[in-house]
Amino acid sequence: MAQGPYGRYLDGFPRALAEVTATGRRLSREELKTRRTLGEQAAEDGHGLRDLVVAHLAAARAAWPAGPGSTESTLAALAAVEQAVDAFAEGYERAQRLTVRREEAARREFIDDLLYGRSDLGRLAERAERFGLRLSQAHAVAVAEGPTAYGEDGPTARRVSAAVLARYDSRNILLTTKNGRLLCIAPGDEDEILTHFAQQAHAATDGGRIAIGRPRPGPGGVVQSYEEALTALEMADRLNLPDPVLQAADLLVYPVLARDRQAMADLVSHTLGPLTEARGGAGPLLETLTAYFDSGCIAAEAARRLNLSVRALTYRLERIHHLTAANPADPAHRYTLQTAVIGARLLDWPNRPL
């Protein structure tokens, strides 16, 4: 039996090598099976493969017959060493693959529980430390989406993860994918991490959009920040916001407006409903109001965005005033009109009935 810290993983190897050298036989199927099993055990015990291979070579040298031998016996011994090390490495690598799959399954289960709040918060906090998160602290979540779904092992996810982890400590950052989106969970007081993630994700997703939730404390803070980021992405899509990086804190007014759908529908119907009487329907005039408000109520800028002359834009605004009795240029009417326009975009009116 070989001595040293790896002796148990060399069990039977010196004896088999001595028999191979004496008889010229190859290692038996059972002997190779033993080497694979020992390789699996070594991997599960956390030993490095390099040291284990060196231990096998040292055991082979120690068991090598003294004195000159025939070429045939030498070749047989070398072949046996090759067989033994190959079988041992095969078992080792198989155990590693199984461990990786188990770790990945545990990681995905943790992420699902974390983002959907489906686990006891105390237990969730304990599990989080295994993945580098201390949920007693505040965390924030950034979510990136692009024209296509992104997988955990896809090139985009790998590229973004590598760029972030090359710059920041990986022990307190969790990078993953969820429902085809890229996610970065980071400490709430290190907003530069999420900013860097947003920059890398925007570049890697070919112009994708990223939303960053507010930092939230405690085990339930991550799911709150995640939901805020998702809501920000949804609002940006409905409102066709141009910004590639969105801060949920800057968009809080939109969820508030959308919370009471019936009240918002009543406002849109009462304020903008008369636009449906216009030739061509409400769509062109609603687009005019959107451009006018988005340009800071500057007629020349709104006309440029709509590819209209200022005179044509002015005519449309006058038509809106006539139909709705609300003047877009009058500050007293502007807030109601602008709120109704936001509501129309959130409710996808007039494409969808109220």
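Tutor: Exposed means over 50% relative accessible area, buried means under 20%, and partly exposed lies in between. The model discussed here is predicted.

Student: Why is Arg 352 called exposed?

Tutor: Arg 352 has a relative accessible area of 53%. The cut-off for exposed is over 50%, so Arg 352 counts as exposed.

Student: What makes Asp 348 partly exposed?

Tutor: Its relative accessible area is 29%. Buried would need under 20% and exposed over 50%, therefore Asp 348 is partly exposed.

Student: Why is the contact of Asp 348 with Arg 352 called a salt bridge?

Tutor: The closest N and O atoms of Asp 348 and Arg 352 are 3.6 Å apart. A salt bridge requires a side-chain nitrogen of Lys or Arg within 4 Å of a carboxyl oxygen of Asp or Glu, so the pair qualifies.

Student: How do you know whether Glu 228 is buried or exposed?

Tutor: Glu 228 has 13% relative accessibility. The limit for buried is under 20%, so Glu 228 counts as buried. Glu 228 also forms a salt bridge with Arg 216, with the closest N and O atoms 2.6 Å apart. That pair links distant parts of the chain: Glu 228 is in helix α8, and Arg 216 is in the loop between β4 and α8, 12 residues apart.

Student: Why does Glu 301 count as partly exposed, and what makes Arg 304 exposed?

Tutor: Glu 301 has 23% relative accessibility, so it counts as partly exposed. Arg 304 has a relative accessible area of 53%, therefore Arg 304 is exposed. Both residues lie in helix α12, 3 residues apart.

How values were computed:
Residues are numbered from 1 along each chain as its sequence is written. This is a predicted model: local features need pLDDT of at least 70, side-chain atom pairs count only at pLDDT 80 or more; totals for chains, interfaces and linings use all residues. Side-chain values use heavy atoms; hydrogens and water are left out. Helices (H or I, at least four residues) and strands (E, at least two) are DSSP runs, numbered from the N terminus. Buried means under 20% relative accessible area, exposed over 50%, partly exposed in between (1.4 Å probe, protein chains only).
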